[in-house]
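Biologist: Thanks for sitting down with me. Could you walk me through this model, starting with the overall picture and then moving to single residues?

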Amino acid sequence: MDPSAAQKNGKRESRLLILHPRYDDRNELDEKLDLQFNVVLAKTNGLADKEAIEELVKFSRTNKQAFEACCAGLLYGYLVEADRSQKYYKLLKHVASIDQWFVTLCHVNMLLIELLHKTKPQVRQQFLALFRDLIRDKAPRMDNVIVNFVRFIGTSCCDATETHNLVTGFARMCLDNDEWVKSLKPNASLLPLSILVVSRHLCETGFRGAQDQSRILSTFCELLIRERFLSLMCLGRELLFVLMKLAKGPKFSALWSDLYNNPQKIAPNLAGGISDIVLKSNQGNPFQARIPLLYQKRIENMLKFPTSAVHEHHFEWFNQHLLCPSSVGIRCDIIRILPHIPVENRHAYDLRAMFATSLLNGAPASEQLICKLAFIWDWLYYAPTNPPQPLLSLDVVLSSLRIMINSHPSLASSIVEFLVMTTSTIDPPREALIQSNVMNALKQAEAKFPGVLSYVLDHSNMDVHVREAFRMRFSNSVKLTSPVLDVKSQETPHSPKSASMEPPKFPTPPTSSSSASLRDPRVHKNRAQAVSNAAAAVHSHAPPEKAKKTKTAVDSPAEPSTSTATNCADDNEMEDGSDDALAPDGADTSSASSEELENVEQYVVAIADENIREYIEELDTAIKSGEGSAVEIFNKLLYGICEKSDNVDEDQLELIAQCLLTVFEPFLSKHQFIPKDTSEDSVKEIISNTPFYALFRLLCLFTDQDRNQLPLLPLMHQMQEKRPCISYLMLYFLKGGRNGEDRSVNVDQDSVRLYTMFCKIKNVSVEEQLAFDLESCEMDNEHRLFTYLVPYVLEKFDTVVMSSPALLKVVCAHVDRNQLLSLTCDIFKENITMFRKDSFAQLIASSLEWEPLDQVTLWQFIHAEVVPAEWIFSSIPKLSSTKHADAASNTLMMLRRLNTPNQFLVKALFSKSVKDQFTVNALMVVFDEEDAIPKMATLLLKQVKRMIKEGHIMAKKEQRKELSVEYVFAHLENLRSAHISKPTKKVTSFFEQSDLRELFNEVQSHSSFDQIQSRFGDLLAFIEIATDDRRTPRGGRKTKRRQASAGNTIESDDEERIPRQKKRRVREESDSE
């Protein structure tokens, strides 16, 4: 019986793959190879070896298909019949030598890339035997083929024993063919990939595995390092990471001794030793190919669609598969390559950081240390160069720590502690160098993402001892003097929008003071010194977040250091007050209150005006005690500032702003601005009882002239620079807190003018500030407030919204389905208008770069507003059916609303690329209206006449995007081809138009007609036949009767036709009009 004909449950069983007999169908490639193997068996059945060789060589020379069938069939037989593999290889060698093994190696590569994870264990072992035979017979470019096999090692598709056998078999094969290994090109990717994969397996399992297998793996690694070290240098500092992992093996002690004392013994050009390795940048291919292709594709797909809600499923899948015994060590490799996988947008940056956090958090105890070391490895050996060396893992490390400090604070603390300890223990002879490297990396981190590192270290979730150890270790790199932050005031870390490393697309983290430390003003001997220190603290942007107040032990560089006793006392105060910071409202927190008073006093003491100082102290006391007089005191303070406007300079305003932020910090940090009941009365009651809103209320009472002259808007600007929520709270007040019954002015217009004046003070446009406020509101997890503000912004700032793609992008990105319905209903009621003709093309062009879901939301708004189809004409040439599928499909839907085609539509459609079928689809949409068919033919004739007059007959290479007669005929040919495959009456009617025949005659009379006819002869013949058939009467004597009957039918249809629905009013005028 033919062995390939074995069946199970009525299905032919695969001899190559592991398939479920009930649920899996045969793979197409597997089935094709099986059939080709049967062809080979039929040709060689009953023949001796010499006769079989002659028969197959003769058959393979018949044609290309026969040659491919012989090579693929013999390869299949070699893999599935191990006992007869040498017979098939002997036949394969004579056939494949015809093309130097090219077709055979192509099939091997296809099997390795597509099916190796499904093949049976014995087949995988046969691949190693095949590689041995091919290397022995000197098949070309074998290293490029074996790379795909090495990448597979470590997947969860095979158990630990099989994985160990594959790694050992590969290493033994290379050792047996060491001359072939030494002869590989210096840039061969197999060499660095082999050391990465084999060393991973050796470090995780080999040292404690069987002695013989461990010896083989160690010898292989030593061979590569000793003989091909320069080829491994492409890994850069990753090679040092590999050598460090191998250091616990007995064979590598001498290697490290040579690397320290005599590096030229390892490689002649390695004069600098470790320094040369660190300065060498790694290359992407072998560095990233260290993980199995199955895992890499899944990571790339996950990052390609970062807004998808299934990323938690991906995280769970990885953590589950990486716990398999065969995948030990791959978690560490994924962490190493993760920063080097390119991402395209902010959401992918965030998701990549969340994935790194998930990998670290899910690592078993045996892998925790090596994963943490992989996480911070680039920091330990960061070498400062000019220009600065790019630190690709910088954004991943910082954004991951920012997520961990909220979601996994113990993990974040342990990583920071591990960084501190590693600098002194990983390489004691070079402790000073490693510490200097980390400090240089920290400085670049602070320069690239200012404040993020301080945000993590000064967070209340960070362990106090770890924070102090970090300060002592790296005191000269980053100044960390900002107060400890309360975790309650931070955003939820599980949102993909948190922890972004692209400022200002994520909420600006609190920045730490980088100059003088803030001390108790009572230790100063005179008031001038207190003013100097407080002013310095304000200018260094000391953060307003003081939900958990602590003293800092870091001193100003300009002042002498405090004693050790003072530092210890500060540490004790910090630990003693840690519990009070989280006490509920109204609890007895005398220690925390004392520290808060001191933090207010350190700014108050620097304010020049005595009345303002008193008002601030009274306001601070009233806020803390919950007295109802806080609103009245705040009003007095604001009026006092207005009365002293001549004496209040910019520095004084900055101090006052810092004082107010400190006083109102409990309110600002809670992020509970809007009540659950968002009715008008409920919102007004909340706003009227909250002292903070007195600032906005007073601004609304002033005239525009007073607002420009008084310092309240500059004061608000100073506050908003430190707390971005101030500006969107003003929007909240303008919508829900203003009472227009007692005002003679239009409240809505006055609110818009007030907000515009604030933007003018900030020197930003209104649309930029609105987009920033809505984005900040959403990023602060104030989604309910976001949904409350969006209708107000769209309605009252309609002229700004209609000309701002950035603002509409924020709305479309964060609106939920309930608000989408609400906004759509507002559009139907004509309460809001989002689009305007003069800016619509710019909006469409910008939206092509948005996320797919954001584009879908935008087009729902466009269809709800019934935007005229004429507005989209100028955008049609920029659309691609393949790249912009959402925009293209919705544009076709807009064309259904077109009353009648015009010359602009003709030019837009026929100037598109001929390969894009959008023009054909658009014509089919336009032809739905019977009156549009002759109109389109007439317009096309006019356009062609104009192009002939201007000499645009054939498209020139340098003017491919310019409309020409050739383009018109090419699109008509596409329409004809689509019509032939599926005839429709409307296309037939179009080609029967007399204007198309006239167009044909017009082109035929031109000298360049020969080129048109040679290319579009079928189209011209089709047009001629169609127009001739229309002129030829049919039906003999009954023709007139039928035409009359048809005319009566058309009249009755016109009488019964439902009139077109009236379009809603849209805004077409510009701002100037």
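Modeller: Happy to! Bear in mind that this is a predicted model. Among contacts in the protein with a separation of 6 or more, residues 24 or more positions apart account for 76%.

Biologist: Good start. How many helices and strands are there in the protein?

Modeller: Helices and strands are both present in this predicted model. The count is 56 helices and two strands.

Biologist: And what share of the residues counts as buried?

Modeller: A residue is called buried when its relative accessible area is under 20%. The protein has 1073 residues, and the share that counts as buried is 54%.

Biologist: What about the accessible surface, and how much of it belongs to carbon and sulfur atoms?

Modeller: For the protein, the accessible surface comes to about 48700 Å². The part that belongs to carbon and sulfur atoms is 50%.

Biologist: Let's look at helix α7. Why is it described as largely enclosed by the rest of the structure?

Modeller: Helix α7 covers residues 142-152. Its buried residues include Met142, Asp143, Asn148, Arg151 and Phe152.

Biologist: Now to charges. How many salt bridges does the structure hold?

Modeller: Side chains of opposite charge can pair when their charged atoms come close. In this structure, the number of salt bridges is 25.

Biologist: Take Glu665 and Arg723. How many residues apart in sequence are the parts they tie together?

Modeller: These two form a salt bridge, with 2.9 Å between the closest N and O atoms. Glu665 lies in helix α33 (residues 665-670) and Arg723 in the loop between α37 (712-722) and α38 (725-736), so the parts they tie together are apart in sequence by 58 residues.

Biologist: Are Glu665 and Arg723 buried or exposed?

Modeller: The cut-off for buried is under 20% relative accessible area. Both Glu665 and Arg723 are buried.

Biologist: Which helices are tied together by Asp704 and Arg753?

Modeller: Asp704 and Arg753 form a salt bridge whose closest N and O atoms are 2.8 Å apart. The pair ties together parts 49 residues apart in sequence, namely helices α36 (residues 704-709) and α39 (residues 747-762).

Biologist: In the salt bridge between Asp838 and Arg836, which residue is buried?

Modeller: The N to O distance in this salt bridge is 2.8 Å. Asp838, at 45% relative accessibility, is partly exposed. The relative accessible area is 4% for the buried residue, Arg836.

Biologist: Finally, which residues gather in a patch of negative charge on the surface?

Modeller: One of them is Glu618, which lies in helix α30 (residues 610-625). Glu618 counts as partly exposed, at 39% relative accessibility. The residues of the patch are Glu610, Glu614, Glu617 and Glu618.

How values were computed: Residues are numbered from 1 along each chain as its sequence is written. This is a predicted model: local features need pLDDT of at least 70, side-chain atom pairs count only at pLDDT 80 or more; totals for chains, interfaces and linings use all residues. Side-chain values use heavy atoms; hydrogens and water are left out. Patches are made of residues with over 30% relative accessible area and no salt bridge: like charges are joined within 9 Å, nonpolar side chains (Val, Leu, Ile, Met, Phe, Trp, Tyr) within 5 Å. Accessible areas come from the Shrake-Rupley method with a 1.4 Å probe; for residues, only the protein chains shown count as cover. A salt bridge is a side-chain nitrogen of Lys or Arg within 4 Å of a carboxyl oxygen of Asp or Glu. Lys and Arg count as positive and Asp and Glu as negative; His and the chain ends are not counted. The place of a charge is taken as NZ of Lys, CZ of Arg, CG of Asp or CD of Glu. Helices (H or I, at least four residues) and strands (E, at least two) are DSSP runs, numbered from the N terminus. Buried means under 20% relative accessible area, exposed over 50%, partly exposed in between (1.4 Å probe, protein chains only). Contact means heavy atoms within 4.5 Å.
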